[in-house]
Amino acid sequence: MLQFQNLHFLLILWLLFSTSESVRFDLQSGHTKCIAEDIKSKSMTVGKYSVINPNEGHPLPDSHKITVRVTSAHGNSFHNAEHVESGQFAFESAEAGDYMACFWAPDHKPPITLTVDFDWKTGVAAKDWSKVAKKGQVDAMELELKKLYDTVISIQDEMFYLREREEEMQELNKKTNSRMGWLSVLSLFVCLSVAGLQLWHLKTFFEKKKLI
């Protein structure tokens, strides 16, 4: 019973830390839609996309072709496809940060709306487990254990990654608080200086008028 609970707990963690985003969205001609995904360094990611044919049984109209580009947070391009109706990409992230998948539909008169299916997986979810099973000739239980093992490793890497991001944010907060402290001191100094100058000006004015 305890072993079952542990497996159940690891399965929940696998669902939480393995990113799998499958969306269907509308894209108007002449417009661009971008989807971002926060991916840690050296993480496997795969994606596939396709334009839904508005007329099943007929060829996809030429007006329903799109341009797709996947870039990293630093602007490095990992996938670029022009005038396509479907495609896929797979790569290992070289740097951590937000990766962007942008879809653009060429301008058309009159305007049309395309429907796009997009499936994006990272981490353990991106691994092709069917190939692992065939290659190793393992049974269902062994395959699940392999999944859970990779999930634990992925969770550990994710925790280290989140810890690094937290340390970066803490360092940024310290620098911001330090700068705000110096800015407060400078503001106080300026206010006191202005007040002193005003008092000096009033004293000089009253002395000239022989009021004091």
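Analyst: A search of the whole structure turns up one disulfide, where a disulfide is a pair of cysteine sulfur atoms within 2.5 Å. Before going on: this is a predicted model, where local features need pLDDT of at least 70, side-chain atom pairs count only at pLDDT 80 or more, and totals for chains, interfaces and linings use all residues. Residues are numbered from 1 along each chain as its sequence is written, and side-chain values use heavy atoms, with hydrogens and water left out.

User: Which cysteines form the disulfide, and how far apart are their sulfur atoms?

Analyst: In general, a disulfide is a covalent bond between the sulfur atoms of two cysteines. Here the partners are Cys-34 and Cys-102, with their sulfur atoms 2.0 Å apart. The link is right-handed, with 110° about the S-S bond. Cys-34 sits in strand β2 and Cys-102 in strand β7, so the pair ties together parts that are 68 residues apart in sequence. Strands here are DSSP runs (E, at least two residues), numbered from the N terminus.

User: How do β2 and β7 pair, and over how many bridges?

Analyst: Strands of a sheet pair through backbone hydrogen bonds, either parallel or antiparallel. The working rule is that two strands pair if DSSP finds at least two bridges between them. β2 and β7 pair in the antiparallel sense over eight bridges. One to look at is Lys-33, whose bridge partner in β7 is Phe-103. Zoom out and you get an open sheet of four strands, ordered β2-β7-β4-β5, with antiparallel pairing. Its edge strands are β2 and β5, each pairing on one side only.

User: What does the largest nonpolar core look like, and how many residues has it got?

Analyst: The general idea is that in soluble globular proteins, nonpolar side chains tend to be buried together. A nonpolar core is a set of buried Ala, Val, Leu, Ile, Met, Phe, Trp, Tyr and Cys residues joined through side-chain atoms within 4.5 Å. The largest one in this model has 23 residues, and those with the most contacts inside it are Phe-25, Tyr-49, Ile-66, Phe-89, Phe-103, Phe-118 and Trp-120. β8 (113–122) is one of the strands that each supply at least two residues of this core, and β8 gives the most, with four. Take Phe-25: leaving aside neighbours within four places in sequence, its contacts (heavy atoms within 4.5 Å) include Lys-33, Ile-35, Phe-103 and Phe-118.

User: How many aromatic pairs are there?

Analyst: Rings of Phe, Tyr and Trp (its six-membered ring) pair if their centres lie within 6.5 Å; planes under 30 degrees apart count as stacked, over 60 as edge-to-face, and the rest as tilted. That rule gives 10 aromatic pairs. Phe-78 and Tyr-99 have ring centres 5.6 Å apart and planes at 55°, so they're tilted. Phe-78 lies in β5 and Tyr-99 in β7, so this pair ties together parts 21 residues apart in sequence. Phe-78 is partly exposed at 27%, whereas Tyr-99 is buried at 0%. For Phe-89 and Phe-91, the centres are 6.1 Å apart and the planes at 25°, so that pair is stacked. Both Phe-89 and Phe-91 are buried.

Methods: Buried < 20%, exposed > 50% of the residue type's maximum accessible area, 1.4 Å probe, protein only.
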